[in-house]
Amino acid sequence: MSKPLVGLYPGTFDPVTNGHVDIIARSAALVDRLVIGVAVNQDKGPLFSLAERVEMVKEQTARIKGAEIIVQPFDTLLMKFAESVGAQIIVRGLRAVADFEYEFAMVGMNQKLNPAVETIFLRADPTHQAIASRLVKEIARLQGNVAHFVPKEVEGRLKAKFGVS
């Protein structure tokens, strides 16, 4: 019996967007087990706590078919986390050229740390290319409509955070 293919999709997911859910669903079709690594990343000053972000991702991945999906927080170097969960591949979503430039540099560094772990890029679905968690939070904070950018449950959480009815 062959070893299961384990993928890792890391991110802050503050909040999880329709773009994230799309990448997760497409990744789940490519691997046997998909670990969604929810990064602590205090440098980004998250709106949602780590527990809330993990809960949101679990909520949105419960309906996805395909791979076994595990949602797990991490606060270590990405490559150390990938090794700890047995990931052979790291999945990264790309929206635009700026994403590629950043990710390209990260891949080079990660390959030096562990050349056995491959990185694959999935291009964002065109309907989700403009979605960025940072922009979603700003729109929600200014009481704009985020219904096209996030799942309904996440929209409710954003409204609650910003006191919008």
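Me: In what order do the elements of the protein chain run from the N terminus on?

Reply: The elements follow the order β-α-β-α-β-α-β-α-β-α-α. The chain has a radius of gyration of 16 Å, close to the 15 Å that the globule rule gives for 165 residues, so it is as compact as a globular protein of that length. Please keep in mind that this is a predicted model.

Me: How many helices and strands does that make?

Reply: The secondary structure comes to 6 helices and 5 strands. Taken along the principal axes, the C-alpha atoms fill a box of roughly 50 × 35 × 30 Å.

Me: What share of the residues is buried?

Reply: Buried residues account for 44% of the 165 residues in the protein chain. The accessible surface is about 9,100 Å², and 56% of that surface belongs to carbon and sulfur atoms.

Me: How many positive and negative side chains are there, and how far apart do the centres of the two sets lie?

Reply: There are 20 positive and 18 negative side chains, and the two centres lie 1 Å apart.

Me: What share of the contacts joins residues at least 24 apart?

Reply: The count takes contacts between residues at least 6 apart in sequence, and 75% of these join residues at least 24 apart.

Me: How should I read a pair of strands, and which way do strand 1 and strand 2 run?

Reply: In a regular strand the side chains alternate between the two faces of the sheet. Here strand 1 (residues 6-11) and strand 2 run parallel and are joined by 6 bridges. Within this pairing, glycine 11 stands opposite valine 38 in strand 2. Strand 2 (residues 33-39) is mostly covered, with 6 of its 7 residues buried.

Me: Which peptide bond is cis?

Reply: The bond from aspartate 14 to proline 15 is cis, and its omega is near 0°. Proline 15 belongs to the loop between strand 1 and helix 1. Phenylalanine 13 is found in the loop between strand 1 and helix 1, and its phi is near 55°, a positive value in a residue other than glycine.

Me: Is phenylalanine 13 buried or exposed?

Reply: A residue counts as buried when its relative accessible area is under 20%. The value for phenylalanine 13 is 2%, so this residue is buried.

Me: Where is glutamine 143 found, and is it buried or exposed?

Reply: Glutamine 143 lies in the loop between helix 5 and helix 6 (152-162). Its phi is positive, about 65°, although the residue is not a glycine. Exposed means over 50% relative accessible area, and with 59% relative accessibility glutamine 143 therefore counts as exposed.

Me: Which residues does lysine 137 touch?

Reply: Lysine 137 is found in helix 5 (residues 133-141). Leaving out residues up to four places away in sequence, lysine 137 touches Asp14, Pro15, Leu47, Leu158 and Phe162. Asp14 and Pro15 are the two residues joined by the cis bond. The relative accessibility of lysine 137 is 17%, so it counts as buried.

Me: How far apart are asparagine 18 and histidine 148 in sequence and in space?

Reply: They are 130 residues apart in sequence and 8.1 Å apart in space, C-alpha to C-alpha. Asparagine 18 lies in helix 1 (residues 18-28). With neighbours within four places set aside, the contacts of asparagine 18 are His128, Ile131, Ala147, His148, Phe149, Val150 and Pro151. Asparagine 18 counts as buried because its relative accessibility is 19%.

Me: How far apart are isoleucine 89 and methionine 106?

Reply: Isoleucine 89 and methionine 106 are 17 residues apart in sequence, while their C-alpha atoms are 14 Å apart in space. Isoleucine 89 is found in strand 4 (residues 89-94), and it is buried at a relative accessible area of 12%. Beyond its neighbours within four places in sequence, isoleucine 89 is in contact with residues including Val6, Gly7 and Leu8.

Me: Where is the place of glutamate 103, and which residues is it in contact with?

Reply: Glutamate 103 has its place in helix 4 (residues 97-113). Apart from neighbours within four places in sequence, glutamate 103 is in contact with Arg92, Leu94 and Phe121. The C-alpha atoms of glutamate 103 and phenylalanine 121 are separated by 8.9 Å, the two residues being 18 residues apart along the chain. Glutamate 103 is buried, with a relative accessible area of 6%.

Methods
Residues numbered from 1 in each chain as written. Predicted model: local features only at pLDDT ≥ 70, side-chain atom pairs only at ≥ 80, totals over all residues. Heavy atoms only, no water. Helix = DSSP H or I, 4+ residues; strand = E, 2+ residues; numbered from the N terminus. Rg over C-alpha atoms; globule rule 2.2 N^0.38 Å. Buried < 20%, exposed > 50% of the residue type's maximum accessible area, 1.4 Å probe, protein only. Contact = heavy atoms within 4.5 Å. Areas by Shrake-Rupley, 256 points an atom, 1.4 Å probe, with all protein chains shown as cover. Lys, Arg positive; Asp, Glu negative; His and termini not counted. Charge placed at Lys NZ, Arg CZ, Asp CG, Glu CD. Pairing = 2+ DSSP bridges.
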